[in-house]
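Thanks for coming. I will go through a few local features of one model, then its packing. The sequence and the structure are on the screen now.

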Amino acid sequence: MPEKPEQTPGTPSGPAAEGLDAHLVVDRGAFRLDIALTAAPGDVVALLGPNGAGKTTALRALAGLTPLTDGRLRLDGTDPHLHRTPPASRPVGVVFQDYLLFPHLTALDNVAFGPRCRGAGKAAARALAAEWLERMGLAEHAGTRPRHLSGGQAQRVALARALATQPRLLLLDEPLAALDARTRLEVRAQLRRHLDAFEAVAVLVTHDPLDAMVLADRLVVVEHGLVVQEGTPADIARHPRTDYVARLVGLNLYRGRAEGHTVRLDAGPAVSTTEHLSGPAFVAFPPGAVTLYRHRPTGSSARNVWQCAVAGLETHGDQIRAELTGELPLAADLTTVAAAELDLRPGAPVWAAVKAAQTHAYPA
């Protein structure tokens, strides 16, 4: 990550803070969230998970919009009872998915609203708001109301409004979800630069793996209200530990028991690998490593060959992704030409082959 600047508009100076230390427990009848989150100042943490995993509940608990059933919330090493503090009194800034800008206020007054709520005088709040709008490249839109702003501009106004309150915790709820693909690319890069300059803790909720990989220093994967994996984007991509994470990073993932260069799967055949392991293990390989044949290959150097059937086909970028069932359920990517030559269609029998060198095994 680029080095943080010495001072940003509205950011307090002083000794280094201690960041976020939270244990969030929320009971909602059949659903229970129970996760721990820690982060140092300057960290950007992304919460990832399938729908209903508890990501938004966690974000709302941090903001004070959903009360904790149990646990703790501490910022900068002080106030272990922060979770009992009303939302408006917390040093927390929030950027919501739909931005929630006040339609009757200009961009300048939207940004000034936060400091005004924290006790700043009108002139001081507007001066701080103008400083943040200039930093966001929106100085010329200070007098513009939200309905006349583009999606990317509205997102930056919402971010400026959150940062103008000098938060020690910045929460972003799907901040790019409302943008079209072209705008999203530009705003993602801008948001990364602003997060690089943010000296406190930022927590991002997203369902988009690209947003998470680009914007966050660390990923926390939540499923069924629990943390199932956390680490850097590179670690998560290299060592997925659940089916959801494997799909997220585009890998076929299996669990079994390693014996030397072979992983005997819990449900299915053995997989040959180049790694030498012993004990519970995962083995993974990308769909692009799979080669399909209409008949069992005889001259292939692949040590892993399985009989399968096509369960479904879909376009995946500029390729065709085949979902296969049989000896080993897996996904395979191939070109449109290859799919036509193999006459792939649902129900068609095929043989799938993967070289041992294209697999990756690691301890479970």
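Gln166 sits in the loop between α4 and β6 (169-173); helices (H or I, at least four residues) and strands (E, at least two) are DSSP runs, numbered from the N terminus. This is a predicted model, where local features need pLDDT of at least 70, side-chain atom pairs count only at pLDDT 80 or more, and totals for chains, interfaces and linings use all residues. Residues are numbered from 1 along each chain as its sequence is written, and side-chain values use heavy atoms, with hydrogens and water left out.

Gln166 is not a glycine, yet its phi is positive, about 55 degrees. Most residues other than glycine have a negative phi. At 37% relative accessibility Gln166 is partly exposed; buried means under 20% relative accessible area, exposed over 50%, and partly exposed in between, with a 1.4 Å probe and protein chains only.

His224, in the loop between β8 (218-223) and β9 (226-231), also has a positive phi, near 55 degrees. His224 is exposed, at 69%.

Now α2 itself, residues 107-117. Its buried residues are Ala107, Leu108, Asn110, Val111, Ala112, Gly114 and Pro115. Their cover includes α3 (122-135) and α4 (151-163).

Which residues touch the most other members of the largest nonpolar core? They are Val111, Trp132, Val157, Leu159, Leu170, Leu172 and Leu195, in a core of 46 residues. A nonpolar core here is a set of buried Ala, Val, Leu, Ile, Met, Phe, Trp, Tyr and Cys residues joined through side-chain atoms within 4.5 Å. Helix α4 gives the most to this core, seven residues. Apart from this core lies another, of 30 residues, including Val271, Ala281, Leu292 and Leu342.

Val157 touches Leu101, Ala107, Asn110, Val111, Leu133, Leu138 and Leu149, leaving out residues up to four places away in sequence; contact means heavy atoms within 4.5 Å.

Next, Arg184 in helix α5 (residues 181-196). Buried or exposed? Arg184 is buried, at 12% relative accessible area. A polar atom of its side chain lies 3.2 Å from the backbone oxygen of Leu176.

Last, cysteines. The structure holds zero disulfides, a disulfide being a pair of cysteine sulfur atoms within 2.5 Å. Cys117 is exposed, at 52%, whereas Cys308 is buried, at 5%.

Technical notes. Polar contact = N/O pair within 3.5 Å; in protein donor to acceptor, adjacent residues only side chain to side chain.
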